[in-house]
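Biologist: I am new to reading protein models and would like to go through one slowly, feature by feature. Please show me the structure, and let us begin with a single residue.

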Amino acid sequence: MDAQTFEGLKSIISEEQIVTNQEALYDATVDRYKKYAKVKNALHVPSPASIVYPYSTEEVKSILAFCNENNINVISRSGKTGTEGGLENWKEKSIVVDGSKMNNIVKLDPYNMQATVQTGVVLQDLEDELRKLGYTTGHSPQSKPVAQMGGLVATRSIGQFSTLYGAIEDMVVGLECVFPDGQISKIKNVPRRSGGPDIRHIAIGNEGTLCYITEVTVKIFKFYPENNTFYGYLVDDMDSGLQMLREVIVNGFRPSVARLYSEEDARQHFSHFYKGKCVLIFMVEGPEGIVKATNEAIEQSVDKFRSSVVEKVDSSYIEEWFNNLNWGQDRIDKEIQDMIENDTHDGYTTEVSADWENIIKIYNNVMHRVKNEFDRVEDLTMLGGHSSHSYINGTNMYFVYNYTINCAPEEELQTYHHPIHEIIIEETLKLGGSMCHHHGIGKYRSEWTKEEHGSAYYMLEKLKEAFDPKGIMSHGTIFPKKEEIEKYIRD
Ligand SMILES: Cc1cc2nc3c(=O)[nH]c(=O)nc-3n(C[C@H](O)[C@H](O)[C@H](O)COP(=O)(O)OP(=O)(O)OC[C@H]3O[C@@H](n4cnc5c(N)ncnc54)[C@H](O)[C@@H]3O)c2cc1C
């Protein structure tokens, strides 16, 4: 880092809050999107100049204002579990602002059913504190043990119980954020209001491109683990499985978990019982009467499609699978170790959404095109998908693909990931779906941001111009940058 920037930062925060060691900077250069190239030392993007750790909103304010004045790119960071290149650096003059030291639970308020936390609170820590009191956040992404509240809000994350509790945007009641000019804005916590457009949504999902989220207030819910029920079915195909999901949802029932795995995806999760079939899963929780009614609705809905149901699965299998679903840091580290030892990439994903009518068409079109057009199809060790979040008007499809890598590490993405990713995005946009259901746009879907939003891109662009006129917030994330897309993605 140049001396002037270092001195400038030192006038705001103490020296021990500024990290410049090479190992940490290398780690901060990219996120999980480029994890293979990273472990193989094959990165060709610049490292940030430093990582700074503010302790307060006031410090965030001064850091952002300093960067704004001096044209320093800011990459906002929380738990580092982001998957779409949002943490990747494309600028020579750049710093990472890491909120993980702002990790106080400010207030648990069971009477008003809300909790206020600083940006760096790990979701699992908040959940653990709430469980002691008999409550839950209702938010359970697989990354819950590591992801932090600021990042979870900034990416519009969603958890496994979304059908019942909603996604993060349904949970956030208010928040505090800081803009690059140093403005601190606090959105108050009210049950609802009609005070103009809902400005929470300027911060929710901004992926560090408009503002830095410093504090969040979320709803909390009563927790009734004693009533939980688990259902699993083997079904003939994705089409009938999706119809069963739809039947439950459109009739007004809200199981906390409602999922359908394709045969291939089921093989990697349920090899001991899937028998080459698709796996349909429901989990129900909440007050006793609601659970009972939802259980009955699930059984009736599945019965309506009984000719496609191969068999009911022992519920203990589903419960056991569910209890081991989340990823802690140890599992993330093991995955990295596996990549060092084996040239394979397991678990690349592209998650999209569409209405009920089109989701099955997208699924079938993608399967067909990848199998027929992808020229490294022989290296694919798995291609499948699951629907994991359903709504009254449609559902998501989480495509998953694993492959053996038979090329140089720096060519992995262009050779394998991008061609498949592109087919999924093309097929989804063609049928009116969204190319990103919950991981955000990051940098690697930014070339399609305009197509995703169509004429509404105007509104998004104006927000960027208004809140970040100098463009210092996460250069290349969400908002497409042609030159870097050609240099770092297409090249
Ligand atoms: C094993 C695994 C499982 C996952 N499962 C799920 C899942 O079930 N559901 C789901 O939705 N996602 C999931 N993800 C993706 C990821 O966990 C989410 O995107 C999560 O919300 C990122 O939070 P984080 O704290 O790690 O943020 P980071 O990775 O640190 O940052 C993510 C993005 O948010 C921006 N950002 C971070 N902090 C701030 C801030 N304070 N202010 C403004 N911008 C900020 C960053 O610049 C970046 O663009 C999973 C990831 C992994 C590795």
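Biologist: What is the relative accessible area of L431, and is this residue buried or partly exposed?

Modeller: Before the answer, please note that this is a predicted model, in which local features need pLDDT of at least 70 and side-chain atom pairs count only at pLDDT 80 or more, while totals for chains, interfaces and linings use all residues. Residues are numbered from 1 along each chain as its sequence is written, and side-chain values use heavy atoms, with hydrogens and water left out. As a rule, buried means under 20% relative accessible area, exposed means over 50%, and partly exposed lies in between, with a 1.4 Å probe and protein chains only. L431 has a relative accessible area of 28%, so it counts as partly exposed.

Biologist: Where does L431 lie, and which residues does it touch?

Modeller: L431 belongs to the loop between α16 and α17 (449–453), where helices (H or I, at least four residues) and strands (E, at least two) are DSSP runs numbered from the N terminus. Contact means heavy atoms within 4.5 Å, and, not counting residues up to four places away in sequence, L431 touches N358, K361, I362 and N365. The C-alpha atoms of L431 and I359 are separated by 8.6 Å, although these residues are 72 residues apart along the chain.

Biologist: How should I read the way α15 and α16 come together?

Modeller: Two packed helices are described by the angle between their axes and the distance between the axes. Here axes are lines fitted to C-alpha atoms, for helices over the stretch in contact, and angles run from 0 to 180 degrees between N-to-C directions. The axes of α15 (residues 356–373) and α16 (residues 412–430) come within 9 Å and cross at roughly 145 degrees.

Biologist: Which residues of α15 and α16 meet?

Modeller: On the α15 side they are I362, N365, V366, R369, V370 and E373, and they meet I420, I423, I424, E426, E427 and T428 in α16. By class, this contact of α15 with α16 has 6 nonpolar, 2 polar and 4 charged residues. For the classes, Ala, Val, Leu, Ile, Met, Phe, Trp, Tyr, Cys and Pro count as nonpolar, Asp, Glu, Lys and Arg as charged, and the others, Gly among them, as polar.

Biologist: Which residue does UniProt mark with the feature "active site"?

Modeller: The unreviewed UniProt entry places this feature at Y398, and such annotations may be inferred rather than shown by experiment. Y398 lies in strand β19 (residues 394–404), and it counts as buried because its relative accessibility is 14%. Leaving aside neighbours within four places in sequence, Y398 is in contact with T349, T350, E351, G384, G385, H386, H438 and H439.

Biologist: At which residues does UniProt place "domain: FAD-binding PCMH-type", and what secondary structure does that stretch have?

Modeller: The unreviewed entry gives residues 44–223. Over residues 44–223 the chain is 23% helix and 26% strand, and the end C-alpha atoms are 47 Å apart.

Biologist: Where does D181 lie, and is it buried or exposed?

Modeller: D181 sits in the loop between β8 (172–178) and β9 (184–187), and, since its relative accessibility is 55%, it counts as exposed. Not counting residues up to four places away in sequence, D181 touches A65 and N68. The side chain of D181 also reaches the backbone nitrogen of Q183 at 3.0 Å.

Biologist: What should I notice about the phi of K80 and of E207?

Modeller: Most residues other than glycine have a negative phi, and most peptide bonds are trans. K80, which is not a glycine, has a positive phi of about 65 degrees, and E207, also not a glycine, has a positive phi of about 50 degrees. K80 is in the loop between β3 (73–77) and β4 (94–98), and at 39% relative accessibility it counts as partly exposed. E207 is in the loop between α9 (200–203) and β10 (212–219), and with a relative accessible area of 14% it is buried.

Methods. Polar contact = N/O pair within 3.5 Å; in protein donor to acceptor, adjacent residues only side chain to side chain.
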